[in-house]
Amino acid sequence: MSDKIVPILMPKWGLSMKEGTLAAWHVSEGTEIIPGDEIMDVETDKIANVVEAADGGLLRRCVGQAGEIYPVQALLGVMAPAEVTDSEIEEFIGSFEMPEIEEEEDASPTHLHADLEVGRIRYMHREGEGVAVIFIHGFGGDCDNWLFNVDEISTEAPVYALDLPGHGGSTKTIVNPTVEVMVNALVQLMDHLSLDRAHLVGHSMGGLIAGQTAVNHKDRVASLTLICAAGLGADINSEYIDGFVSAASRKELKPKLKCLFADDDLVSRAMVDDLLKYKRLDGVQAFLEDLKKNLFSGGKQTTSIADDLAILNVPALVIWGSEDAVIPKAHATAIDGARVEVIPDTGHMVMLENPGRVNELIKSQLS
Amino acid sequence: MARTLSMKDAINEAIDQEMSRDPTVIMMGEDIVGGAGSPGEDDAWGGVLGVSKGLYAKHPKQMIDTPLSESAYVGAAIGAATCGLRPVAELMFIDFMGVCLDQIYNQAAKFRYMFGGKAETPVVIRAMCGAGFRAAAQHSQMLTPIFTHIPGIKVVCPSNAYDTKGLLIQAIRDNDPVIFLEHKNLYASECDVPEEPYAIPFGEANVAREGSDVTIVSYGLMVPNSLAAADILKKEGIDCEVIDLRTLSPIDMDTVIESVEETGRLVCVDESNPRCSIASDVSAVVAQDAFKALKAPIEMVTAPHTPVPFSPSLEDLYIPSATRIADAARKAMGA
């Protein structure tokens, strides 16, 4: 069989994804695909997104039908140069082994846990070479916020993504949640994992925690990537924060989540339901109210680390979504000497809206 | 953190966690502690299908085995609730509620009202409900409308393990009497359930599937049947929205009406008998409040007006099936 045949597969976004809907093809048979081209729309129970081609080539067959559901790694299309015959392509399609969802799920570990001084912390891990990258989510988020990033970054470095105390699958018993508590949890996890140094990638409040960790423990931080980060100015959309904390139903929560994206169609019912499930866990409501009081008292950010970071001499990259409606993009330039990248047509959740560009930028911080 | 749990285990976990959190939570019922044939305390039977198995070993002072007298221990549970405990009384089957109706509808349901708001009755009465278990007419009924008729009590009938845990915890924390009905044919159904305790508020329907052509309203076992019908209809190009009411008192008609305003078509699916049922109630409210949104007559898919047959083939015909639900949706579509 020709080794020039390149399959297009259903991607796997995050640990929980078992299948996805091929919503639409953006290319048709006969198209010459260039790596990075938008080739199809895929929807999962978490999110919908455009799939960019990882490889290039002539698209010979669209195997997947638009509107149908396929397991992760299922064959959706075949690329091959013109000299490969149709019968070779048919043979390739016929001999392609469709993955079995359950077996694969059993083989790969889902989330891991570490019992630390702060309490139980849940995290995910991808193996890789070199200094590790740790992803730190924002207010009300969890490690699944990085579902488009962890796999891609693990091609260049070991990757960890944690649930901060009070979030996701980590302990909800936090008496007085402050930035220091979060920083300490992160450092305890690094100790637990025997990571002397790491590249920290923080989103929103996670950016503030990453930055504060660099200020407190400079020798533990190889670089900082701060995405739509808190801690770089006083302004924040307090209506969003208040609404997110107080929302008790889907109807109240959904409009708030729309503030997070430039394209608010990305807010799926499953996304709203998952957040409601989190908010309804015992202890979470009180935790979020305490955290809000500590960090965003009076509708303003109470901690600024921009000046500290400017003199710290840790390589810093600031990434912002041009349409961020939660923290103003004007904060992107707050750190003197930091590299700044504003990504057009994206909102606060820029790493979900344009993961390709964000991953490129994160990788550029690793070398 | 979520992991897969059956509805039966979700009930056990909810009671276990609430008993740990609050020592006033107690459980009363038949064979929930000892049980016929069990060799010792550690291997207690745990009720008719073993739902409370293991709870006696963990919470010996909060588990009370009762005589075979529903009228006595349901009355005792209601009395204890008015005096500061939070009892969860387990009836083996909803069909046995008849002998303790005075305690439920004329006492528990009325205390808050009769005592000028000074009395609270935080009691939960759990029972298995529904057909399909080959248990004949006296152990298979779906008597939800009997209880939704009575003001002063809340009525819950979940369709999956996640909702069961959250709604049962809410029921135990609620300060009013709650009838909590568990469809026995769903006990083995599994889904992701967080290990931590959580409460789902009453009066909030769940949209189990989004769609734009027909709204299917259901609860309990009828939710998976409606979802199966939606799968069939999708292949025919009919896009169904499936609403799981979850709680029947209070009932979330806002979600139903908003959906019907989008789809213009309504199919009400109810395993109870057709007269004065949840299906007829939902239909009446939609006809009154959203008549102008309707593009077709409302369809109802219910059990027939008969007892549940013991004959397995007749019992299978008795329970509203995905096929019958799909037929009703096609009719609403004019197909």
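Colleague: Helices and strands are DSSP runs, H or I over at least four residues for helices and E over at least two for strands, numbered from the N terminus. Where in chain B is Asp31(B) found?

Modeller: Asp31(B) is in the loop between β2 (25-29) and α2 (55-58) of chain B. Residues are numbered from 1 along each chain as its sequence is written, while chains are lettered from A and ligands numbered from 1 in the order in which they are written.

Colleague: Fine. What is the phi of Asp31(B)?

Modeller: Positive, about 65 degrees, although Asp31(B) is not a glycine.

Colleague: Buried or exposed, that Asp31(B)?

Modeller: Asp31(B) counts as buried because 21 C-beta neighbours lie inside 10 Å. The cut-offs: buried means 20 or more other C-beta atoms within 10 Å of the residue's own, exposed means 12 or fewer, partly exposed is in between, and C-beta atoms are placed from the backbone.

Colleague: Which loop of chain A holds Asn313(A)? And is Asn313(A) buried or exposed?

Modeller: Asn313(A) lies between α10 (306-310) and β15 (316-321) of chain A. It has a positive phi of about 70 degrees without being a glycine. Asn313(A) counts as exposed because it has 10 C-beta neighbours inside 10 Å.

Colleague: Peptide bonds next. What joins Ser249(B) and Pro250(B)?

Modeller: A cis peptide bond, with omega about -5 degrees. Pro250(B) sits in the loop between β12 (247-249) and α9 (253-263) of chain B.

Colleague: Confidence, then. What is the mean pLDDT of chain A?

Modeller: It is 91, and 96% of the residues of chain A reach 70 or more. pLDDT is the predictor's confidence in each residue, from 0 to 100. Chain B averages 95, with 96% of residues scoring at least 70. For the complex, the predictor gives an ipTM of 0.88 and a pTM of 0.86.

Colleague: Where in chain A does pLDDT stay under 50?

Modeller: Over residues 103-108 of chain A, and the model has 2 contacts there beyond four places in sequence. A contact means two C-beta atoms, placed from the backbone, within 7 Å. Where pLDDT is low, the predicted coordinates should not be read in detail.

Colleague: Which residues does Phe96(A) touch?

Modeller: Pro7(A) and Leu75(A), not counting residues up to four places away in sequence. The C-alpha atoms of Phe96(A) and Leu75(A) are separated by 7.5 Å, with the two residues 21 apart along the chain. Phe96(A) is in the loop between α1 (86-95) and α2 (101-107) of chain A. With 15 C-beta neighbours inside 10 Å, Phe96(A) counts as partly exposed.

Colleague: Domains. How is chain B divided?

Modeller: Into domain 1 (2-194) and domain 2 (206-332). Bounds come from an automatic or database domain assignment. The C-alpha centres of these two domains of chain B lie 27 Å apart. In contact are 25 residues of domain 1 of chain B and 24 residues of domain 2 of chain B.

Colleague: Which elements give two or more residues to the domain 1 side in chain B?

Modeller: α6 (144-148), β6 (154-156) and α7 (161-173) of chain B. That side of domain 1 has 13 nonpolar, 9 polar and 3 charged residues. Nonpolar covers Ala, Val, Leu, Ile, Met, Phe, Trp, Tyr, Cys and Pro; charged covers Asp, Glu, Lys and Arg; the others, Gly among them, are polar.

Colleague: And chain A, what domains does the assignment give?

Modeller: Domain 1 (6-106) and domain 2 (112-366) of chain A. Their C-alpha centres are 31 Å apart. The contact takes 8 residues from domain 1 of chain A and 10 residues from domain 2 of chain A.

Colleague: Between the chains, how many residues are in contact?

Modeller: 11 residues of chain B with 10 residues of chain A. The chain B side has 7 nonpolar, 1 polar and 3 charged residues.

Colleague: Last one. How many helices and strands in chain A?

Modeller: 12 helices and 16 strands. Buried residues make up 44% of the 367 residues in chain A. The C-alpha atoms of chain A fill a box of roughly 65 × 45 × 40 Å along the principal axes.

Definitions and conventions:
This is a predicted model: local features need pLDDT of at least 70, side-chain atom pairs count only at pLDDT 80 or more; totals for chains, interfaces and linings use all residues.
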